[in-house]
Amino acid sequence: MSDSEVAPKSGDDVAGAYAAVRPDVEAATALFVEMVRALLDEAGINYLTVSGRTKSVASFASKAERRRDGQLLYPDPLTDITDQVGVRVITYVHDDVAAVAELLAEELAVLDDRDMGLETARSGRFGYASRHLLVAVDASRTIPAAYEGLRRRSASVQIRTVLQHAWAEFEHDIRYKGTVPEEHAHDLDRRFTLAAGLIELADREFSAIRDRLQMALPATPPDAAVQDPRISSQDLAKFLATKYADAGWSRTDHYAWVSGLLLELDITSVDHLADVISHVDGTDLISRMGYKYPPGAVRRLDDALLATFGRRYLDLEGNAHRRASLEGRLEKLAGS
């Protein structure tokens, strides 16, 4: 809000003022979703979905009216209400929730960070579990021109597993509709608590399953098309799980994508790939890149190929859409 603008006072003024700027907030929401998805893809972190929502006029006006001890909590609602833009990242396993949060902390300015699951656990209970970040574009960073309009905005980012998301959505839907009679409320609370405990256990088992499978992925199916010279996604995933045992899985389509890059480099077998990157010290490369988040397996390979082939890798047709980011990473390697 500029100095010449006056913060709206009445409920109607608040609603009208927000309704006037909401189209801009909707556009910002779409850009934040696009940016977060691009960051996750570039980092090679596995996720199910990235979605966004723009706060409704009714919800905004209702929040603007909240008071404590008679005083408005948001005296300048257009500035003070920071969840106008909402982004939600759904992952498969709990380890990736932390990986996403660490990535966003490295790439954006984190204004607030609350681990709701940890807060619930510290109180000795089972219940709502989600990581809530308030992020903004770091003023000191150079960003693509398409995202320049986000510099003066913030976004509320929720990160949770698919099981945590199912619990939260169902619990919210039941309580919001208010369909449970008062005499059943305590039993409802007990059942939701029990379900939350089971979900926490299931999340741990999913992580254990992933860790076990990373070292035991199946070989290429016998009916795979022999005429396709590319390394199959399954063979590549199995190789990377062994090569980078401490890295998380990447998205399934990313294995196929990087296999296409390998084909451009005339690398069509796992043995050839192993030989090509054998000289690269993966631990040293992570240090030189300065990662503060755990890069996924495909990102680890991506770095190794960039270190090995340099500008030839950057100039591949399959990398045309991300030349700028690869230029920056190549400069880091050259600087080191």
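Is valine 135 buried or exposed, and what is its relative accessible area? Valine 135 is buried, at a relative accessible area of 0%. Here, buried means under 20% relative accessible area, exposed over 50% and partly exposed in between, with a 1.4 Å probe and protein chains only.

A few notes before the views. This is a predicted model, in which local features need pLDDT of at least 70 and side-chain atom pairs count only at pLDDT 80 or more, while totals for chains, interfaces and linings use all residues. Residues are numbered from 1 along each chain as its sequence is written, and side-chain values use heavy atoms, leaving out hydrogens and water.

**View 1. The whole chain.** The secondary structure comes to 14 helices and 7 strands. Helices (H or I, at least four residues) and strands (E, at least two) are DSSP runs, numbered from the N terminus. Of the 336 residues in the chain, 41% are buried. Among contacts with a separation of 6 or more, 71% come from residues 24 or more positions apart; contact means heavy atoms within 4.5 Å.

**View 2. Valine 135 and its surroundings.** Valine 135 belongs to strand E6, residues 131-136. Setting aside neighbours within four places in sequence, valine 135 is in contact with Leu108, Ala109, Val110, Arg153, Ser154, Ala155 and Val157.

**View 3. Lysine 55, a buried lysine.** Look for lysine 55 in the loop between strand E1 (49-54) and helix H2 (57-64). Lysine 55 counts as buried because its relative accessibility is 9%. Its side chain makes a polar contact of 3.2 Å with the side chain of aspartate 83. A polar contact is a pair of N or O atoms within 3.5 Å; within protein, one must be able to donate a hydrogen and the other to accept it, and residues adjacent in sequence count only if both atoms are side-chain atoms. Beyond neighbours within four places in sequence, the contacts of lysine 55 include Tyr18, Arg22, Phe60 and Ile81.

View 4. In helix H11 (residues 282-289), the buried residues are Gly282, Leu285 and Met289. Seen down the axis of H11, these residues fall within an arc of 55°, so they line one face of the helix. The arc is that of the directions from the helix axis to the C-beta atoms. Thr283 and Ser287 are exposed on the other side of H11. The buried residues pack against helix H12 (297-309) and helix H14 (323-335). At the start of H11, a side-chain oxygen of aspartate 281 comes to within 3.1 Å of the backbone nitrogen of threonine 283. After H11 comes glycine 290, with a positive phi near 70°.

**View 5. H12 against H14.** Arg299, Asp302, Asp303, Leu306 and Ala307 of H12 meet Leu326, Arg329, Leu330 and Leu333 of H14. By class, this contact has 5 nonpolar, no polar and 4 charged residues.

**View 6. Two aspartates with positive phi.** Aspartate 69 has a phi near 55° and sits in the loop between strand E2 (67-68) and strand E3 (71-72). Aspartate 69 is exposed, with a relative accessible area of 75%. Aspartate 266 has a phi near 65° and lies in the loop between helix H9 (252-264) and helix H10 (270-276). At 54% relative accessibility, aspartate 266 counts as exposed.

Methods. Nonpolar A, V, L, I, M, F, W, Y, C, P; charged D, E, K, R; others polar.
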